[in-house]
Amino acid sequence: MRPPLAVAGHTDGVLDMVAGTLTEAERERAGRFTRKRDRLDFVAAHLLVRHCAAELLGTRACMLTVVQRCEGCGQAHGRPWLAEAPEVSISLAHTSGYVCAVAGFGRVGVDAEHATNGPADERLVELALTPAEAKLVGDDNRALIRQWVRKEALVKRGELTLDRLREADLSALPLEDGLSIPLEWRGRHFVEWTAGTVIASAVTDEPAKLRLLGG
């Protein structure tokens, strides 16, 4: 069985390298974005997750259909899955100008956010961090956002909810930029990277491979 795979890149580069067609539901959602930049991020992420899963499965991206359906309202959003390969878990994320995706056997989740230097948002600290995490983060915004994307990735795995972020204490994980060592927390494996101001994290059941498009 192949290990999980995470793939990421800047939106423009992904759109240059990755082709494909979205479903009618995806095109409808994309059309609701009022800003072209946001729409392109959405399209790039949804194309990228197909190619990520196709590489994992050894098939073509055009053979895969991404489905999203909210269990609460029935609308086309929520955790995505593959109609043709429900045994494979997928997750995707997009932030202004940057997109990422992860696919694997077992639960997966990925998130990415822009993080500038400067003071941490006290309200976000109170919402998301345990006392031990808050002590480590201090007033460092990038450290705060690093913990945030980790917890968002766990949310996308189905392990947390946004109103229960403080139930996961990740204070044992390092906060420095540029670490290339694999990270593990209670049997979950994190692969993390940065791209300019973007901080990204993917969490999987087994150590994942990371491929960054465009270098």
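**Notebook: contacts, helices and a ring pair**

I began with Ala6. Leaving aside neighbours within four places in sequence, I find Ala6 in contact (heavy atoms within 4.5 Å) with Ala101, Val102, Val191, Trp193, Ala202, Lys209, Leu210 and Arg211. The model is predicted: local features need pLDDT of at least 70, side-chain atom pairs count only at pLDDT 80 or more, and totals for chains, interfaces and linings use all residues. Residues are numbered from 1 along each chain as its sequence is written, and side-chain values use heavy atoms, with hydrogens and water left out.

I placed Ala6 in strand 1. Strands here are DSSP runs (E, at least two residues) and helices are DSSP runs too (H or I, at least four), numbered from the N terminus. Ala6 is buried, at 0% relative accessibility. My scale is this: buried is under 20% relative accessible area, exposed is over 50%, and partly exposed is in between, with a 1.4 Å probe and protein chains only. I also took the C-alpha separation of Ala6 and Val110, which is 8.4 Å across 104 residues of chain.

**Asp111**

Next I looked up Asp111, in strand 6 (residues 108-114). Buried or exposed? Asp111 counts as buried, at 5% relative accessibility. I listed its contacts beyond four places in sequence: Ala93, Trp148, Val149, Glu152, Ala153, Lys156, Ile199, Ala200 and Ser201.

**Thr95**

I then turned to Thr95, which sits in strand 4 (residues 88-95). Thr95 is buried, with 10% relative accessibility.

**Helix 2 against helix 3**

I checked how helix 2 (residues 24-31) meets helix 3 (residues 36-57). Their axes come within 9 Å and cross at roughly 155°. So helix 2 is roughly antiparallel to helix 3. The axes are lines fitted to C-alpha atoms over the stretch in contact, with angles from 0 to 180 degrees between N-to-C directions. Under 35 degrees is roughly parallel, over 145 roughly antiparallel, 65 to 115 roughly perpendicular, and the rest oblique.

Which residues make the contact? Helix 2 gives Glu26, Arg29, Ala30 and Gly31, and helix 3 gives Arg39, Phe42, Val43, His46 and Arg50. I sorted the residues of this contact into 3 nonpolar, 2 polar and 4 charged. Nonpolar covers Ala, Val, Leu, Ile, Met, Phe, Trp, Tyr, Cys and Pro; charged covers Asp, Glu, Lys and Arg; the others, Gly among them, are polar.

**Ring pair**

I counted 1 aromatic pair. Phe33 and Phe42 form this tilted pair, 5.5 Å centre to centre with 50° between the planes. The rule takes rings of Phe, Tyr and Trp (its six-membered ring) with centres within 6.5 Å; planes under 30 degrees apart are stacked, over 60 edge-to-face, the rest tilted. Phe33 is partly exposed, at 28% relative accessible area. Phe42 is buried, at 2%.

I noted Arg186 for its positive phi, near 50°, in a residue other than glycine. Most residues other than glycine have a negative phi. Arg186 lies in the loop between strand 7 (183-185) and strand 8 (188-195). Arg186 is exposed, at 59% relative accessibility.

Last, I looked at Met1, in the segment before strand 1 (5-10). Met1 is exposed, at 85%. Met1 and Leu56 are 55 residues apart in sequence and 9.3 Å apart, C-alpha to C-alpha.
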